[in-house]
Amino acid sequence: MLLKDYETGDFFDEMFTADGNVRPHYRRVAEEFGDITREEYRNKQAAVELSFMRGGVTFTVYNDSQGTERIFPFDCVPRVIPVEEWEVLEKGLIQRITALNLFLHDIYHEQKILKDKVIPAHYVLSAKHFRREFMNFSVPKNIYAHICGTDLIRDKGGSYLVLEDNLRCPSGASYMLENRSALKRAFPDIFSAGVRPVEGYPQALLKGMQHVAPANFAGDDHPNVVLLTPGVYNSAYFEHAFLARQMGIPIVEGRDLVVRDFKVYMRTTAGLVRVDVIYRRIDDDFIDPSVFRPDSILGVPGLVNAARAGNVCLANSIGTGVADDKVMYYFVPKIIKYYLGEDPILNNVDTFLASEASDKSYILDNLAKLVVKSANEAGGYGMLMGPWAAQEEIEEFRKNIIANPRNFIAQPPISLSRHPTWCEEGFEGRHIDLRPYILYGEKITVTPGGLTRVALRKGSLVVNSSQGGGSKDTWVLHNKA
Amino acid sequence: MFTASTTTKSNQRRDQIAQRDQETVMLSRVAGSLYWMSRNLERSENIARLLDVNFQLLLDFGSVSDETLKDHWVPVLRAAGEENLFFQLYATADSRSVMEFMTFRSENPNSVISCINSARENARHVRDQISQAMWQVLNDAYLFLKDADQESIWEGDTSAFYDQIKKYSYSFQGLTESTFSRNEGYEFIQFGKFIERADKTARIVDIKYHILLPKVTDVGGALDAAQWHAVLRSVTALEAYRRYHVAEIVPWKVVEFLMFSESFPRSIRYCVEEVHELVQRISGAQPGHYLNEGQRRFGKFLQDLRFATKEEVLRQGLHQFLQHVLSELAAIADNVFDTFMYHPPIDMVAEIRLHQQERQQQQIGA
């Protein structure tokens with residue numbers, strides 16, 4: 001009965017139509033959660049949280065001397081994507097990553113797209129994550145972004161829009177997998193709806209890594225693949241360990257690796273052993289102190305030399321961050337058109353560039369109505385939510401935009417779709433987004449579903465875990481509802 | 001400075017590993033974490049048992065003076081090697097203060113809570129290596145102690161509390177047996193466990209050496225019997241001892257049993273046999289051959305232990321003998337750690353310079 005008084009409000013609701021009917025693909029889920037009592041729900045929720053805590057499915061809270069570990073809040077009501085919608089998303093994501101990969105190859109080689117003036121050259125050359133050190137270097141199999149997590153949202157009309165591309169070290173895939181296994185334990189019956197599995201992700205990831213190994217790899221039967229983590233104090237360490245375990249590969253820290261004669265070795269009980277592929281979860285800036293930040297103690301000196309010599313493959317490649325720069329995001333529709341001759345299947349959110357004179361004056365005149373984002377921040381940081389911001393905050397951004405326009409973009413606020421979500425006494429609508437995981441190996445695959453993040457605070461549009469966000473299991477159904 | 005070429009030693013070792021199990025390439029850091037994980041958990045179990053048994057033993061004494069209490073608890077602190085730290089933190093050694101210090105104080109690196117935290121922290125570093133179930137036991141232990149309400153433990157069933165701590169260790173050992181592949185990692189886990197166990201058995205016997213009677217054939221009073229009864233229980237040896245010696249608790253027989261039993265898995269002899277076997281396997285050395293001088297010496301120590309008699313031990317002095325056991329155990333632990341689990345830290349400055357030079361040379365060459 002708990003869904004009886006549910007209000008969709010003036011938003012696109014994932015489960016209910018505007019006139020209050022359950023959308024067909026949610027029928028099984030609505031039955032289950034419509035019948036549940038508060039007590040039953042709370043018991044199940046508590047059991048799930050306990051199992052996450054016991055299993056150490058946690059992230060480390062920074063700036064906390066206790067090293068507090070928290071669970072990523074999980075909401076039991078799954079988000080369901082009908083198969084016909086998913087097919088479009090899948091095509092759109094594959095199109096997008098294909099084009100971005102061609103773009104990366106181009107700007108690190110001939111730079112045709114700049115010469116043809118599709119993108120003003122200074123935007124690329126001034127991008128924080130553009131790595132000159134990798135000019136004219138060909139990455140194995142021409143794949144730059146092996147793993148990509150693209151953030152999608154739905155607007156008031158229910159249309160999917162791309163909010164940002166994450167081509168550096170996207171995280172969260174472990175939560176996609178853990179959420180699924182938790183929900184299966186808590187509510188086994190609802191899976192009669194026919195849900196496409198996500199469990200193939202680690203295997204597909206490993207295959208993708210093996211695909212880009214040097215032809216003369218050093219491992220005996222298959223390439224030696226390792227996962228490089230910043231270490232146990234990194235907030236995403238759980239995920240690193242989880243994925244390494246699922247793939248059956250060693251998890252290494254910078255101090256476990258050493259480069260000699262342009263080859264990478266790990267320091268084992270049996271001496272030095274060659275490494276062929278590194279799934280790295282350390283950002284470019286910290287990965288090799290002999291090239292990038294010299295004060296990094298997490299990285300491996302000489303890694304860039306080894307990669308350039310073709311003796312080791314890094315996934316993702318160094319320098320992919322230029323493609324998820326928020327200014328470059330503005331050009332992605334043009335990038336798709338330029339390299340593929342196609343119209344984008346998935347649209348961007350309307351975006352204004354502060355570095356373009358006309359856009360800049362529009363942005364400055366309308367700061368109170370816009371969302372302003374720093375070009376290279378992630379995790380919901382460096383953002384101004386104009387309509388909800390205090391005047392001082394707006395003025396602070398105004399100053400920063402005038403001082404450094406290249407670093408800012410602005411977008412109209414999107415009224416994200418909502419989803420029934422448990423809130424103390426019952427179900428209320430909360431805003432959500434979607435991060436599907438795209439793997440670029442022998443071919444490009446998208447794991448059906450992904451991570452649905454939910455802003456648990458009433459009215460909040462910020463879904464990031466660092467800022468009060470939780471997550472949901474995300475279903476793609478086998479069949480049409 | 002490292003070189004890319006592997007030594008003959010490690011080639012030999014790798015061949016041996018390849019024969020045994022294809023999967024194993026083990027980072028030295030991982031081997032170290034497995035070792036410390038296992039060793040710390042074993043330690044937490046032994047300390048929990050030692051505290052529980054000594055707490056119960058006091059009940060046999062009836063009412064006791066402060067001085068008796070001190071005489072009772074100080075050797076326990078000494079066995080843990082934390083006597084000095086204790087008296088920096090507490091004025092008197094009574095049941096409550098010692099048990100708090102040895103259970104909950106994080107300043108004490110040998111408290112139960114410190115050992116469990118360290119075991120879990122090491123496990124966190126090797127989450128990808130151990131089974132989910134093994135991790136969960138350590139995490140449960142950590143959460144249990146983190147949330148433990150000290151007051152209610154003292155007022156309630158103290159033994160049940162220590163039982164719970166021991167159970168985490170038992171579960172972990174069981175899960176290691178049933179869910180951890182018999183690869184190199186397993187050997188490091190076992191190595192940590194048996195080193196720690198041998199060490200603790202030696203220390204527990206050493207606590208009581210002063211109440212041993214001058215002659216092997218002398219028989220002590222009822223209180224002595226209670227003490228040796230407690231020693232046996234401190235290493236869960238009571239039942240095994242009884243089966244062997246049928247009920248009668250004779251001080252020297254207890255000592256002999258705990259030192260020399262070939263079959264009881266917490267006796268010094270048994271643990272040293274295991275440690276020796278594990279060192280051979282970890283080193284990939286053939287029987288009768290040793291990788292280095294330290295390991296040869298340990299082999300010799302095992303031989304001495306195999307042929308030692310209680311009369312010899314008495315001549316040498318039990319305390320001296322046990323100190324010798326402890327120092328041999330420490331030496332082999334250091335030896336294996338340095339040989340397989342430790343790599344000197346990377347000299348970042350030198351490394352950065354080296355790779356920058358290499359890059360420049362390459363650019364000039366091109």
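Predicted model: local features only at pLDDT ≥ 70, side-chain atom pairs only at ≥ 80, totals over all residues.
Figure 1. Residues are numbered from 1 along each chain as its sequence is written, while chains are lettered from A and ligands numbered from 1 in the order in which they are written. Strand 15 (residues 371-374) and strand 17 (residues 408-411) of chain A run antiparallel and are joined by 4 bridges; two strands pair if DSSP finds at least two bridges between them. Strands (E, at least two residues) and helices (H or I, at least four) are DSSP runs, numbered from the N terminus.

**Figure 2. The open sheet of chain A and the helix across it.** The sheet consists of 4 strands in the order 14-17-15-16, with antiparallel pairing. Its edges are strand 14 (352-353) and strand 16 (383-385) of chain A, each of which pairs on one side only. Helix 11 (residues 326-340) of chain A lies across strand 14, strand 15 and strand 17 of chain A, at about 55° to strand 17 of chain A. Axes are lines fitted to C-alpha atoms, for helices over the stretch in contact, with angles from 0 to 180 degrees between N-to-C directions; contact requires C-beta atoms, placed from the backbone, within 7 Å.

**Figure 3. Nonpolar cores.** A nonpolar core is a set of buried Ala, Val, Leu, Ile, Met, Phe, Trp, Tyr and Cys residues joined through C-beta atoms within 7 Å; buried residues have 20 or more other C-beta atoms within 10 Å of their own, all placed from the backbone. The largest core has 221 residues, and A:Val277 and B:Val275 have the most contacts inside it. Helix 2 (residues 28-60) of chain B gives the most to this core, with 12 residues. Apart from this core lies another, of 9 residues, including A:Leu163 and A:Val463. Not counting residues up to four places away in sequence, A:Val277 touches several residues, among them A:Met209, A:Pro223 and A:Cys313.

Figure 4. Chain B has 18 helices and 0 strands, and 42% of its 366 residues count as buried. An automatic or database domain assignment gives domain 1 (26-180) and domain 2 (220-340) of chain B. Their centres, taken over C-alpha atoms, are separated by 22 Å. The contact takes 9 residues from domain 1 of chain B and 6 residues from domain 2 of chain B.

Conventions:
Contact = placed C-beta atoms within 7 Å. Buried ≥ 20, exposed ≤ 12 C-beta atoms within 10 Å, placed from the backbone.
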